[in-house]
Amino acid sequence: MKRGIGIDLGGTKILGILMEEGGRILRKVDGNTGDPSSEKEVLRNLFSVIESLIEEGPVSSIGIGCAGPDDFENQVVVTSPNLPFIKNYPLKRVVEERFVIPTLVDNDVKMAALGELIFGDGKDLQPFFFITLGTGIGGALVSEGKVFRGVCNTAGEIGHTVFDWASTERCGCGKYGCLEVLASGTAIRRYVLRGLESGQPSVLQGVPPEKINARLVAEKARKGDELSREAYLKAAYWIGVAFSHLVQILNPRAIIIGGGMSEAWDLMEGKCLDVLASLTMEFPLKHLEIRRSPLGNLAGVMGACWMGMSSIK
Ligand SMILES: [Zn+2]
């Protein structure tokens with residue numbers, strides 16, 4: 001059976017798997033990205049993850065997912081917000097020159113959406129919109145067995161769609177009021193830090209700011225901390241607005257939620273569904289399912305591996 005490598009190249013971590021064609025994961029490696037602005041260091045760490053997976057035996061392909069707009073046709077990563085050295089970067093060529101194994105590069109969320117289609121819940125739920133809620137927010141539409149790419153592979157970028165045009169919050173992409181700046185894990189953290197600064201009562205008062213993240217806030221929210229609950233409800237409101245737009249425009253059978261923040265879906269579900277119901281036509285809403293991804297953080301690497309294998313068939 002054919003074996004391939006799938007890689008998720010992020011700004012802080014590099015996750016790699018060795019997988020059989022049918023989806024059995026033989027090995028998983030967690031690496032650090034190192035200094036994300038140093039090409040040399042990132043490549044050294046990426047290569048070492050790939051090398052340790054190759055040690056297990058012959059590999060037919062490598063698939064790599066990377067954040068940011070990706071010129072899929074020319075296999076060039078245009079920019080990657082978490083890896084500043086990347087500017088029209090020929091990642092496929094660089095990896096192929098080093099390993100002489102056919103390599104395919106794509107946007108990380110598109111690969112995760114395909115992972116969801118092939119190995120997760122997606123197959124029977126098409127068309128579905130896959131959304132990742134985490135430090136950032138990404139999305140991709142899958143229909144008829146394919147990810148919809150648009151004219152230059154940026155379709156589905158819900159995280160950088162402006163929802164609050166009056167917002168003064170500037171997003172990493174340079175615009176104001178993007179969904180990512182309103183509802184991501186980063187937004188939750190910022191909301192709590194501001195509340196603490198302004199003296200709002202919370203069990204998080206006195207906790208060093210660098211220790212406050214969306215996961216800790218979720219833990220405190222579940223224990224009844226009002227400020228933490230508010231932070232999640234505010235994010236849930238904007239996610240509900242975003243879901244409504246997705247349903248109105250795309251009429252999907254499902255929205256599948258991935259990313260680290262999907263673990264806190266219990267804190268957002270009620271609010272999100274209320275907002276969704278109040279903004280959306282009843283008929284398409286009746287046909288919608290909302291699900292959490294069963295694959296967790298493996299969707300991206302499994303999709304990447306599968307895409308790499310499919311490209312050499
Ligand atoms: Zn943005």
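In this predicted model, Asp71 has Val76 of strand β6 as its bridge partner. This pair belongs to the contact between β5 and strand β6 (residues 76-79), two strands that run antiparallel and are joined by two bridges. Both strands are part of an open sheet of three strands, which has the order β5-β6-β7 and antiparallel pairing. The edges of this sheet are formed by β5 (70-71) and β7 (87-89), and because each of these has a single partner strand, one side of each is left without a neighbour in the sheet. In general terms, the strands of a sheet pair through backbone hydrogen bonds, which may be arranged in a parallel or an antiparallel way.

The protein chain as a whole has ten helices and 13 strands in its secondary structure. Some values for the whole chain are collected here.

| Property of the protein chain | Value |
|---|---|
| Box filled by the C-alpha atoms, along the principal axes | roughly 55 × 50 × 35 Å |
| Residues that count as buried | 43% of 313 residues |
| Contacts joining residues at least 24 apart, among those between residues at least 6 apart in sequence | 63% |

The chain is divided into domain 1, made up of residues 3-108 + 297-311, and domain 2, which covers residues 121-292. Taken over C-alpha atoms, the centres of domain 1 and domain 2 are separated by 26 Å. Seven residues from domain 1 and six residues from domain 2 take part in the contact. On the side of domain 1 that touches domain 2, four residues are nonpolar, one is polar and two are charged.

A residue that can be followed in more detail is Ser228, which lies in helix α7 (residues 226-250). Is Ser228 buried or exposed? Ser228 counts as buried, because 27 C-beta neighbours lie inside 10 Å, whereas the cut-off for a buried residue is 20 or more. When neighbours within four places in sequence are left aside, the residues in contact with Ser228 are Val192, Ser202, Leu204, Val217, Lys220 and Ala221. Ser228 can also be placed relative to Arg189, from which it is 39 residues apart in sequence and 9.2 Å apart in space, C-alpha to C-alpha.

Note on methods:
Residues are numbered from 1 along each chain as its sequence is written. This is a predicted model: local features need pLDDT of at least 70, side-chain atom pairs count only at pLDDT 80 or more; totals for chains, interfaces and linings use all residues. Domain bounds come from an automatic or database domain assignment. Two residues are in contact if their C-beta atoms, placed from the backbone, lie within 7 Å. Ala, Val, Leu, Ile, Met, Phe, Trp, Tyr, Cys and Pro count as nonpolar, Asp, Glu, Lys and Arg as charged, and the others, Gly among them, as polar. Helices (H or I, at least four residues) and strands (E, at least two) are DSSP runs, numbered from the N terminus. A residue is buried if 20 or more other C-beta atoms lie within 10 Å of its own, exposed if 12 or fewer, and partly exposed in between; C-beta atoms are placed from the backbone. Two strands pair if DSSP finds at least two bridges between them.
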